[in-house]
Amino acid sequence: MPEFVTIPALLNLHHTDRVLCDTREGLENVTRDQRAAEDHLAKLDDELSRMERELREILAKIAAEELETDVKLQHIEKMRTALNETKTTKDYSAILVQISAEKALVAELEGKTEVLMANKQDLEKAIETHKEKRRMGADNLAALRASSAAKVAELNHRIEELLAARVEAVAKVPAEALKHYERIAQRHPGEVMAPVEFEEGDLENIACGGCFMGLNREDVNLLRGRDEIRRCRSCGRILYFARITTSDAKSTAK
Ligand SMILES: [Zn+2]
């Protein structure tokens with residue numbers, strides 16, 4: 001009977017990883033509402049930036065139109081002065097026509113500016129409402145953070161401890177087996193190992209405890225006889241006999 005080193009060392013690592021996964025999941029749950037509130041707040045911020053950008057564009061347009069109106073009004077004034085200095089009726093009429101044309105343009109510009117001013121007022125009101133919404137979102141997030149801070153700190157501390165324990169567990173696993181383990185862990189985090197499941201005396205129905213697909217009796221025999229890893233052909237998990245688990249691992253590794 002060979003001395004079994006590999007599977008017990010792997011099971012020890014497996015046990016640590018399971019607890020680590022559960023703890024991380026716990027942290028995930030605690031911070032889920034918080035992250036949702038953070039996302040919500042980020043969206044409100046984006047929307048606020050968009051609205052403020054739009055407001056700046058409107059203000060720039062208004063300024064440009066007001067400038068254009070001023071220029072036109074000044075020109076109209078000049079033409080009025082010129083009107084008094086005309087010598088012929090023909091020149092007089094020509095300038096009058098030009099003045100009335102420019103006045104029409106000014107009226108058109110003023111109409112446009114009025115529309116923009118109305119848009120600006122609506123947008124300013126919307127921004128105020130939006131800022132209020134954002135304030136409520138920030139308050140909600142602060143409250144969530146305050147209520148979960150202690151729990152988050154505790155879970156983070158636990159995770160640090162588990163990561164240290166994991167380093168120790170990893171050191172005990174033979175290099176080749178560890179390579180397999182870490183590769184499977186990427187696909188089945190915290191569930192790399194699966195117990196071989198069968199009823200005592202019914203060796204026709206042997207199954208992988210991870211995916212529940214049937215296993216060969218040959219797999220089981222090899223697993224019994226050698227200190228090396230056997231993997232489920234269906235899911236790739238590393239198989240073990242529950243009877244050679246440590247009592248620690250047995251309680252959590254199922
Ligand atoms: Zn399997």
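**Exercise 1.** Determine whether C208 is buried or exposed, and classify C211 likewise.

Solution. The model is predicted, so local features need pLDDT of at least 70 and side-chain atom pairs count only at pLDDT 80 or more, while totals for chains, interfaces and linings use all residues. Residues are numbered from 1 along each chain as its sequence is written, and side-chain values use heavy atoms, without hydrogens and water. Buried means under 20% relative accessible area, exposed over 50%, and partly exposed in between (1.4 Å probe, protein chains only). C208 has a relative accessible area of 0% and is therefore buried. C211, at 24%, is partly exposed. C232 and C235 are both buried.

**Exercise 2.** Identify the donors of the zinc ion and name the arrangement they form.

Solution. Donors are N, O and S atoms within 2.8 Å of the metal (3.2 Å for Na, K and Ca); water is not among the atoms, so sites may look incomplete. The SG atoms of C208, C211, C232 and C235 coordinate the zinc ion at 2.2 to 2.3 Å. Their spacing in sequence is C-x2-C-x20-C-x2-C. The donor angles are 102 to 115°, so the arrangement is tetrahedral (four donors, all angles between 85 and 135 degrees).

**Exercise 3.** How many disulfides are there?

Solution. A disulfide is a pair of cysteine sulfur atoms within 2.5 Å. The count by this rule is zero.

Note on methods. Four donors count as tetrahedral if all angles lie between 85 and 135 degrees; four count as square planar and six as octahedral if opposite donors are over 155 degrees apart and all others between 65 and 115; anything else is irregular.
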